[in-house]
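Have the coordinates open as you read.

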Amino acid sequence: MRTLLVPVRINFIGGWSDQVCWPHHAAVVNASVGWYSGWEHDPYPCVCEYLEDAPPVFKTVVDGVGTGLGISGIRAAVSRHDKERISGKLQYVQRSLEWERESGTKGGWQDCIGAIEPGFKLIETDDHVNFTIRYRDDHPILTHIVLFDTGLRRDSCRIGDQIRQLIADSSSGFVRDLSAAVRRSEFFFNTEDVSLSWICLMGYWKQLCRHVPDMVVDGIPEPQGTWGHTLAGAGGGGWGIMFVEDPDQRERVVSDLKQAKFPAFIPVLLDGVKWETQEWISELTSICLEGQKPSHWRESREACKVF
């Protein structure tokens with residue numbers, strides 16, 4: 001048996017421009033992440049097990065369907081098309097989109113690219129077939145965020161259908177506002193100003209919610225020292241991203257959210273999917289004993305205490 005370690009995707013800005021019905025230039029900033037929860041495959045929240053004479057088995061520590069972490073698209077990509085993952089060619093994307101259409105989830109391309117391709121990235125395309133991806137692992141926002149689970153699970157198609165109708169109505173203010181978010185994606189990706197990056201992100205999120213009020217999730221606590229939250233998926237799923245003003249206070253914010261019955265974690269920026277081979281495990285163990293970080297992982301600066 002071979003085991004593929006699989007991250008999830010969190011969306012920052014530009015989500016919904018990844019829908020194939022979006023007729024303009026598309027740009028999304030997202031990240032391939034995991035966290036530490038006590039699961040045997042930490043920090044990877046998902047795995048795909050490839051057996052000799054049986055279909056692949058996909059497992060995840062994340063509960064439920066409709067989390068907003070892109071798991072359906074990720075599962076389609078890694079469960080059916082792992083042999084097509086050739087860096088820079090992204091053959092798995094179109095296969096994943098076909099699966100999304102056939103299954104009725106209708107997700108876009110940012111879900112599978114977001115998890116499978118490494119780290120924090122800006123993904124751009126003019127045709128939803130050919131992609132340009134830029135990477136960085138030192139964006140200042142990465143040390144200021146906490147992931148949390150609202151516990152809410154809802155059908156993203158219901159929200160997605162509203163979005164697709166707004167796109168079809170080319171005169172709608174939604175097209176104008178999403179086009180503006182696409183233009184701001186490069187600024188968000190390149191900025192070193194963490195306050196401006198969060199203001200940019202919140203502006204994008206509030207615009208989405210004005211057009212589709214169903215995306216709003218009420219009753220989220222606001223621990224001291226936080227600047228609000230967005231949801232981790234543009235589809236309005238159940239996981240969220242909370243901004244913490246002081247990175248040193250993230251552990252306390254995680255504790256506050258857990259006390260309020262919202263599971264919360266400090267995210268770890270990951271280097272895309274990884275095979276869990278015996279050689280990899282041996283190298284990881286020896287590096288851990290030396291107190292160093294594995295070269296296989298990209299982590300946000302001071303993202304978590306690994307060893």
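The count of aromatic pairs comes to eleven, where rings of Phe, Tyr and Trp (its six-membered ring) pair if their centres lie within 6.5 Å; planes under 30 degrees apart count as stacked, over 60 as edge-to-face and the rest as tilted. This is a predicted model, so local features need pLDDT of at least 70 and side-chain atom pairs count only at pLDDT 80 or more, while totals for chains, interfaces and linings use all residues. Residues are numbered from 1 along each chain as its sequence is written, and side-chain values use heavy atoms, with hydrogens and water left out.

Two of the pairs are set out here.

| Pair | Geometry | Centre to centre | Angle between planes |
|---|---|---|---|
| W109 and F131 | edge-to-face | 5.1 Å | 65 degrees |
| F120 and F189 | stacked | 5.8 Å | 10 degrees |

F120 sits in strand β6 and F189 in helix α5 (residues 173–190), so their pair ties together parts 69 residues apart in sequence; helices (H or I, at least four residues) and strands (E, at least two) are DSSP runs, numbered from the N terminus. F120 is buried, at a relative accessible area of 0%, and F189 is buried too, at 4% (buried means under 20% relative accessible area, with a 1.4 Å probe and protein chains only). Ring pairs also link F12, F120, F188 and F189 into a cluster.

Now for D111, which belongs to helix α3 (residues 110–116) and is buried, with a relative accessible area of 10%. Its side chain makes a polar contact (N or O atoms within 3.5 Å, one able to donate a hydrogen and the other to accept it; residues adjacent in sequence count only if both atoms are side-chain atoms) with the side chain of R9, at 2.6 Å.

Terms used: Buried means under 20% relative accessible area, exposed over 50%, partly exposed in between (1.4 Å probe, protein chains only).
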